Amino acid sequence: MVYDRIQKVNQIQMRIIDNTNDYMRKIHSAILILSEMVDDLIDNNSENIQDKLNQISQFEREGEDMKNYLFDELATPDLFLRRGDFMRLVITINQIVDKIEGTAYRVKRCKNWKINDKVGAQVKKIMETLIKQIRITKEMIFTLTQNPKETLKRVKNVYALEQDIDKLRRDLMEELFDLDIDTKTLMQARDLLDGLENISNLSENVADATRIIAVGRRGAP
């Protein structure tokens, strides 16, 4: 009887993880579109920025629906171990898609910023590192259903990439302060970089939440 109960709980957890994987796939798609917006900004091509912003906003709306669906799943009357840990994970993932949309609006506000080649290369490096971090975050959650030890390895990778992005952002801000650009443009550029850094920080928070679940699942049948 007890074993059957544990098995039922694990089945519920697996279903939640599978649905969370679907959520992370949407976030990965959204960050790729944000990267395209950043490339357009660097290339001084604002023609498609609004369309891409609309796509990201659609992902945000779909993400809100997925969050509510997952919360309904988590509210199952069956005994559900680690319910709070899964809710924390879902909430933090939802914050990522919100921040991606907010950062997309910041890209739009920067459309008059004429970016030189050196700064453009640094911005692209941040974006490439962020895409890698989101991809590993997606893989990290996926491995929860297969091998929690692999999950914990990816958690460490997410942490390391967050530190890389912090350094890249600091170096770029020093570069921007040395440039002869107006205060308004500097503030808009800083807000954009802050948005990218915040996405990275939230990915680290997702890694924290996933780590707690992975440690618990290592002992699960």
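**Figure 1. Helix 2 and helix 3 cross in a left-handed way.** This close-up, like the others here, comes from a predicted model. The two axes come within 9 Å and cross at roughly 170 degrees, with helix 3 spanning residues 83-109. Anything over 145 degrees counts as roughly antiparallel, so helix 2 and helix 3 are roughly antiparallel to each other. Sorted by class, the residues in the contact of helix 2 with helix 3 come out as 16 nonpolar, four polar and seven charged.

**Figure 2. The whole protein, for orientation before the next close-ups.** How many helices and strands does the protein have? Six helices and zero strands, and reading from the N terminus the elements go α-α-α-α-α-α. Taken along the principal axes, the C-alpha atoms fill a box of roughly 70 × 30 × 20 Å. Of the 221 residues in the protein, 49% are buried.

**Figure 3. Helix 4 packs with helix 5 at an angle of about 165 degrees.** Helix 4 takes in residues 117-142, helix 5 takes in residues 148-177, and their axes sit 9 Å apart. That angle makes helix 4 roughly antiparallel to helix 5. As for handedness, helix 4 passes helix 5 in a left-handed crossing. The contact of helix 4 with helix 5 involves 13 nonpolar, six polar and 10 charged residues.

**Figure 4. Asn 147 caps the N-terminal end of helix 5.** Zoom in on the start of this helix and you'll find a side-chain oxygen of Asn 147 lying 3.0 Å from the backbone nitrogen of Lys 149. How many residues does helix 5 have? There are 30, and the first C-alpha is 44 Å from the last, close to the 44 Å expected at 1.5 Å a residue.

**Figure 5. Asn 44 sits in the loop between helix 1 and helix 2.** The loop connects helix 1 at 2-42 with helix 2 at 49-74. Have a look at the backbone here: Asn 44 has a positive phi of about 60 degrees, although it is not a glycine. Is Asn 44 buried or partly exposed? With a relative accessibility of 44%, Asn 44 counts as partly exposed.

Figure 6. Thr 20 has a relative accessible area of 1%, and buried means under 20%, so Thr 20 is buried.

**Figure 7. Thr 92 has its place in helix 3.** Which backbone oxygen does the side chain of Thr 92 reach? That of Arg 88, at 2.8 Å. The relative accessible area of Thr 92 is 7%, so this threonine is buried.

**Figure 8. Met 24 and Ser 29 both lie in helix 1.** Start with Met 24: at 0% relative accessibility, this residue counts as buried. Ser 29 has a relative accessible area of 29%, so Ser 29 is partly exposed. For Met 24 and Asn 44, 20 residues apart along the chain, the C-alpha separation is 30 Å. For Ser 29 and Ile 131, 102 residues apart along the chain, the C-alpha separation is 9.8 Å.

Terms used
Residues numbered from 1 in each chain as written. Predicted model: local features only at pLDDT ≥ 70, side-chain atom pairs only at ≥ 80, totals over all residues. Heavy atoms only, no water. Axes fitted to C-alpha atoms, helices over the stretch in contact; angles between N-to-C directions. Helix = DSSP H or I, 4+ residues; strand = E, 2+ residues; numbered from the N terminus. Parallel < 35°, antiparallel > 145°, perpendicular 65-115°, else oblique. Left-handed = near helix turned anticlockwise from the far one by under 90°. Nonpolar A, V, L, I, M, F, W, Y, C, P; charged D, E, K, R; others polar. Expected span 1.5 Å × (residues − 1). Polar contact = N/O pair within 3.5 Å; in protein donor to acceptor, adjacent residues only side chain to side chain. Buried < 20%, exposed > 50% of the residue type's maximum accessible area, 1.4 Å probe, protein only.
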